[in-house]
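Take each task first, then follow the solution step by step.

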Amino acid sequence: MKKPLSKIKHQIKSGKYYIFWGICTIAVMAGQIYVGAGYRSMSQEVKDLTEVIQIKIELEELEKKTNPFGLMPI
């Protein structure tokens, strides 16, 4: 028995439908991976910056303790 033409067209449409949504899903996932990688990179940069600031603050506090009057050493 042959399948009616309308059923064959429906199956072709359904195949294109799944291909379209599969491509859309992959595109969205790729975008989210890209954004996630950028966010990870940015958070590492912020972490590094805060560590540098913390070290600078600690050095300034150490200088104040060793030279409380702010006088320049001779």
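**Exercise 1.** In which helix is the place of Glu 63?

Step 1. A few ground rules first: this is a predicted model, where local features need pLDDT of at least 70, side-chain atom pairs count only at pLDDT 80 or more, and totals for chains, interfaces and linings use all residues. Residues are numbered from 1 along each chain as its sequence is written, and side-chain values use heavy atoms, with hydrogens and water left out.

Step 2. Glu 63 sits in helix 1, residues 5-66. Helices are DSSP runs of H or I with at least four residues, strands are runs of E with at least two, and numbering starts from the N terminus.

Step 3. The protein's secondary structure comes to one helix and zero strands.

**Exercise 2.** Is Glu 63 buried or exposed, and which residues form a negative surface patch?

Step 1. Buried means under 20% relative accessible area, exposed over 50%, and partly exposed in between (1.4 Å probe, protein chains only).

Step 2. Glu 63 counts as exposed because its relative accessibility is 54%.

Step 3. The negative patch is formed by Glu 58, Glu 60, Glu 61 and Glu 63. Patches take residues with over 30% relative accessible area and no salt bridge, joining like charges within 9 Å and nonpolar side chains (Val, Leu, Ile, Met, Phe, Trp, Tyr) within 5 Å. A salt bridge is a side-chain nitrogen of Lys or Arg within 4 Å of a carboxyl oxygen of Asp or Glu.

**Exercise 3.** How many aromatic pairs does the structure hold?

Step 1. The structure holds three. Rings of Phe, Tyr and Trp (its six-membered ring) pair if their centres lie within 6.5 Å; planes under 30 degrees apart count as stacked, over 60 as edge-to-face and the rest as tilted.

Step 2. One of them joins Tyr 17 and Tyr 18 edge-to-face, at 5.3 Å centre to centre with 80° between the planes.

Step 3. Tyr 17 also pairs edge-to-face with Trp 21, at 6.5 Å and 65°. Tyr 17 and Trp 21 are about one helical turn apart because they are four residues apart in helix 1.

Step 4. Ring pairs link Tyr 17, Tyr 18, Phe 20 and Trp 21 into a cluster, and these residues make a nonpolar surface patch of about 510 Å². Tyr 18 counts as exposed at 57% relative accessibility, while Phe 20 is partly exposed at 46%.

Notes
Accessible areas come from the Shrake-Rupley method with a 1.4 Å probe; for residues, only the protein chains shown count as cover. Lys and Arg count as positive and Asp and Glu as negative; His and the chain ends are not counted. The place of a charge is taken as NZ of Lys, CZ of Arg, CG of Asp or CD of Glu.
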